[in-house]
Structures are given as structure tokens and as C-alpha cells.
There are 2 protein chains.
Amino acid sequence: MTTEVKASPEERLLEAAAQLSYREGVGVGVQALCQAAGVSKRSLYQLFDSKDELLAASLERGAPAYTAWLLPAADDGGSPRERILHVFDRMETEAVAPEFQGCRYLTVQIELKSPEHPASRVARGVKQALAEFFRAEVERGGARDPDLLARQLMVVFDGASARAGVGAEDLTGLVSPTVGALLDAEGVQ
Amino acid sequence: MTTEVKASPEERLLEAAAQLSYREGVGVGVQALCQAAGVSKRSLYQLFDSKDELLAASLERGAPAYTAWLLPAADDGGSPRERILHVFDRMETEAVAPEFQGCRYLTVQIELKSPEHPASRVARGVKQALAEFFRAEVERGGARDPDLLARQLMVVFDGASARAGVGAEDLTGLVSPTVGALLDAEGVQ
DNA sequence: CGAGTTTGAAACCGATCGGTGTCATGAACG
DNA sequence: CGTTCATGACACCGATCGGTTTCAAACTCG
């Protein structure tokens, strides 16, 4: 009935790479990836140039869905404040899951160290898109210093998700007042 | 002249572990650690039970110096606001170094995933100490909700240092206004 | 049916992993 | 001087690393 078994080797590899590299870190072995995907190494290296490229491709594949889920609809008619808070609500929602380990696009960059790694480039792009969303919204909301406020929101986003990810923080009652205070300070409605 | 050569194998190992695990990640090999320390693997496993324990010990060894450097003197006579901003000034200072990769006590927890890892435990303790400093200072400063404000400051600390660490953010002009806005919102002088 | 392509299973490559064994050098100390 | 102990050098262990190769089963399509 479902398409579980029918997924192509490429899709299964991308999915396995996304899950395992998040759960266990980017150091997962290709053998573990292949086993989880039910695909041979032979096929992996036929579809991707290297493990690094597979990792990058798995991040890239998930990015549109993640962004669409995180951001409000482009035309939802909400105020900038509502639209910004929507993003943080989503982050708070995913952070309550026991398997949450923080924003994968941040952790990947931290684990890989090198900004040149293909997966680091993808992750950076996803973060930049979020920063640009914040920047556009706060400008629309009349922030006195839109650049500053957008950067502040990114700091809160990454800081809160990282601390929740390592189990240092329960986000309950934390994110919304923090974002609210920063929006208030910048005069955003 | 200097005591460089005279450092004990244990000290050299702790130092090498601190530097290499930060620069390259916790996945560094014991061979690389031994080579950097000028110590044989034989001696490593005589002094430490495992690579994990060496890693934890290296974090623990550096913690007092880091905390002393990060926090203001207990009796510096500054206001809570000044003492809190001192911490963020220090973080901003270390973040300008080109080799900065973010707060090592956060990155270690992210890389290790498991909270049970001995090095994760040490890192968590360092973070808790900082959180308690914030909590005491904001309470002294008359914050309306000291717990909330202390958690907010931790989020800003970790978020700002993580983003600077992955090269996503130049902290210039960002941290001080952010902390200031949060202190203002909570009525801290 | 037969030819060609895709795929997985698995052996294999050299390198490295964390960790242990042996042995010789070398300083410390009686 | 002789003994002891710390240490480094180095081979070695089984396992795994990323990546390649071989081979046969299974599939597609004429």
C-alpha cells in the first residue's frame, strides 16, 4: 500500500543519511548508511561521488520542506510579529521531541568545522534564508535597526535550539518572551 | 629557559587534547594526540583509562582558568549589569580570534551527542556555573523574573558564540545591545 | 527468448580507529 | 655500582574507516 518499499535507492540513501547523520553525527560510517538504506555501497558510489556529497545532498533535499514548515505562508496576512513568532513556535514544537538534538543545519556546521565542506555550504544557505526572512519581516514591522534585530533573532533561534538540543534548557516560557522583548525594544508592532 | 619541555607527559596530553579536540573535533585520533603531546600511547593509557576520560580531564583541567577569565572578580564592585556585560565582552573578545570555533563546552556536547559521556558531564557543569552566575547577578539587579532572564542570557551567550564560531556572524555591535535590551526589559539597572 | 542494464552481496584495498603487548633506554635512588 | 621505575618506540590486536572491484542475480526492453 504505502510507497515505503518502492522508494528508489537514491531516496532511501538520502533519507538514511538525513536521519543517521543527525542522530549519530556526521561521523557515521557509509556501511551503516547503506545498511539503514538497504542499499549496497556499490550503488551509493554510483549515485554519489562521496560520502560528503551524499551528506550535502541529504541536507539539500530536506531543506525546502524544512523551510516551508518553519516559515509561515508567504501570504498568511499575519503581522510581522506574528510571522516571526510563528517560526519560533515551530522551533519550540520540534524541540520538545525527545530525539531533538538542535538545529541540524547548525550542528552540521559545528561538527564539520570546515566551511568548505559541501554539507556546510548547504547548511549555511538554509541559515541565510532564515536570516533574510527575519530581516524582511522586521523591516516591514518598522524596526529601528532591521539588520541588528534580524541578527538578534538568529542568535536567539540558534541559541535556544542548541541549548534545548543538548538538554540544557526546557524552552517552555522562554522563547516567546525573549523574542517579544527584542521586538519591543526595536519598536516592532 | 621556559618550562615548555619540562611539562609532564600528563600535562602535555591534557594540553594537546584540549587544543586538538577543539580544532578538529572530538573525533581526533589518539595517535594524533600522542604525537602532538610527544608522548607514547603506552603512557597515555597508563595515565588515563580511555580517550574519553582524557577528553573529559582536559576539559576539566581548563575549566577553572576559563571561568576565572570569563567571569569578573567576585568583589570588583561593579553593578550586576556591568558584571554581566563583562562576561559577554570576554566572549566577544575570544570570538574575534580566527581560530575561534564557538564555546568548546557547547560544541563538545553537540559533537558527543550522549549526555552520559564523561566530557559531556564536565561541559554541562561549566555551563551550569555560568547560568548560576547570571542568575545571581540578575537577581541582585532586581530582575522581575530572574530565572527567565538568566536563561535568556544563556541563550544569547550560546547562540552568539555558536554563530560566530561557524562564521555566520560578526559579533560587532550585536551582543551588547541584545543583552542590554533583555536587561532593560527585566528592569535590571 | 536473448541482450543489456541495474542492483546487491561481498571480497578487497590501504589506512586508521581505540587499545595492548613487548622491549630497551634512561634517569632516579640506594 | 646495581636496581627500579617511568617512559618512548614500535609492533600488534580486531574492528572500522572511505572507497573500489568482482560477480551473479534480477530486471528491462527489443
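**View 1. Helix α1 of chain B and the residue that follows it.** In this predicted model, α1(B) is followed by G25(B), a residue whose phi is positive, near 100°. The helix itself covers residues 9-24 of chain B, and its 16 residues reach 21 Å from the first C-alpha to the last, close to the 22 Å expected at 1.5 Å a residue. Buried residues within α1(B) are L13(B), L14(B), A16(B), A17(B), S21(B) and Y22(B). The partners against which the buried residues of α1(B) pack are α2, α3, α4 (51-70) and α6 (104-112) of chain B.

**View 2. The surface near DNA strand D.** There are 17 residues around DNA strand D, and of these G29(A), S50(A), K51(A), S40(B) and S43(B) come nearest. Two or more residues of this surface are given by each of α2 (30-37) and α3 (41-47) of chain A, and likewise by α3 (41-47) of chain B. Sorted by class, the surface near DNA strand D is made up of five nonpolar, seven polar and five charged residues.

**View 3. The surface near DNA strand C.** Around DNA strand C there are 15 residues, of which S40(A), S43(A), G29(B), S50(B) and K51(B) come nearest. At least two residues of this surface are supplied by each of α3 of chain A, α2 (30-37) of chain B and α3 of chain B. The classes here are represented by five nonpolar, five polar and five charged residues.

**View 4. The relation between chain A and chain B.** Chain A is superposed on chain B by a rotation of 180° with 0.0 Å of shift along its axis, at an RMSD of 0.0 Å. That is the relation of a two-fold axis. Of the residues of chain A, G159(A) comes closest to the rotation axis, with its C-alpha at 1.7 Å.

**View 5. The side of chain A that touches chain B.** In this interface, 36 residues of chain A are in contact with 36 residues of chain B. On the chain A side, α6 (104-112), α7 (118-140), α8 (146-165) and α9 (175-185) each supply at least two residues, and α8(A) gives the most, with eleven residues. By class, this side of chain A has 16 nonpolar, ten polar and ten charged residues. Because 100% of the interface residues of chain A are also interface residues in chain B, the copies meet through the same surface.

Key. Residues numbered from 1 in each chain as written. Chains lettered and ligands numbered in written order. Predicted model: local features only at pLDDT ≥ 70, side-chain atom pairs only at ≥ 80, totals over all residues. Near = placed C-beta within 6 Å. Helix = DSSP H or I, 4+ residues; strand = E, 2+ residues; numbered from the N terminus. Nonpolar A, V, L, I, M, F, W, Y, C, P; charged D, E, K, R; others polar. Least-squares fit on C-alpha atoms with pLDDT ≥ 70 in both. Contact = placed C-beta atoms within 7 Å. Expected span 1.5 Å × (residues − 1). Buried ≥ 20, exposed ≤ 12 C-beta atoms within 10 Å, placed from the backbone.
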